[in-house]
Amino acid sequence: MFTGIVQGTAQIQSIVEKQNFRTHTVKMPQNLLDHLEIGASVANNGVCLTVTKIENDLVSFDLMTETLRITNLGGLKQGDFVNIERAMKLGDEVGGHILSGHVYCTAKVSQRIPSENNLQIWFELPDQQVMKYILTKGFIAIDGISLTIGEVKDNQFCVNLIPETIDRTLIAQRQLGDEVNIEIDPQTQAIVDTVERYLATKN
């Protein structure tokens, strides 16, 4: 489990293509290496991945075909950066909201509106089926970042970024058309699905 509070970014040092999956090796920030072990869970752009190898500060992860298909990790190349969050420990402060690291889909950046000490970014989702879980003032995770939804229009929504989020994560670097990973809030999904099932029985 994760909290959506990104702890740093890591650069991809190498990508090795294999049968039905690939291996990413990233240069992990020193402050995130403490007690990191093979088998540990680490979110890369919000995707829960398992550590498969550690050599000093080089940490490797295996990505299956489905992960590459559903998330934006499949489009990354050597030299690119990813948002990093170590799995939460019992007793950790939850500064964002509880995340599983299971990406639901990707969205595309459709608009960037900068202002003093703030950046508003609009995202376009692939279909209305996903939009039913996107509610104004609700939670959403974008590339592993816990954010509050600012406004919703048709199949688009926006978030407002404070300087801390801009400085700590990669989201402010996303340009028009770039794809980001989306994890919807599981509580919102559960409520919406439950209401839909209830209404279906009434009809």
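User: Which residue in strand 2 is the bridge partner of Ser14?

Analyst: This is a predicted model, in which local features need pLDDT of at least 70, side-chain atom pairs count only at pLDDT 80 or more, and totals for chains, interfaces and linings use all residues. Residues are numbered from 1 along each chain as its sequence is written, and side-chain values use heavy atoms, without hydrogens and water. Strands here are DSSP runs (E, at least two residues), numbered from the N terminus. Strand 1 (residues 8–18) and strand 2 (residues 21–27) run antiparallel, and the bridge partner of Ser14 in strand 2 is Thr25.

User: How many bridges join strand 1 to strand 2?

Analyst: Two strands pair if DSSP finds at least two bridges between them. For strand 1 and strand 2, the number of bridges is seven.

User: In what order do the six strands close into a barrel?

Analyst: Strands of a sheet pair through backbone hydrogen bonds, either parallel or antiparallel. In this barrel the pairing is antiparallel, and the six strands close in the order 1-2-5-4-3-6.

User: Is His35, with its positive phi, buried or exposed?

Analyst: Most residues other than glycine have a negative phi. His35 is not a glycine, yet its phi is positive, about 60°. His35 lies in the loop between strand 2 and strand 3 (41–44). Exposed means over 50% relative accessible area, buried under 20%, and partly exposed in between (1.4 Å probe, protein chains only); at 67%, His35 is exposed.

User: Is Asn45 buried or exposed?

Analyst: Asn45 is in the loop between strand 3 and strand 4 (47–55). Asn45 has a positive phi of about 55° although it is not a glycine. With a relative accessibility of 0%, Asn45 is buried.

Note on methods:
Helix = DSSP H or I, 4+ residues; strand = E, 2+ residues; numbered from the N terminus.
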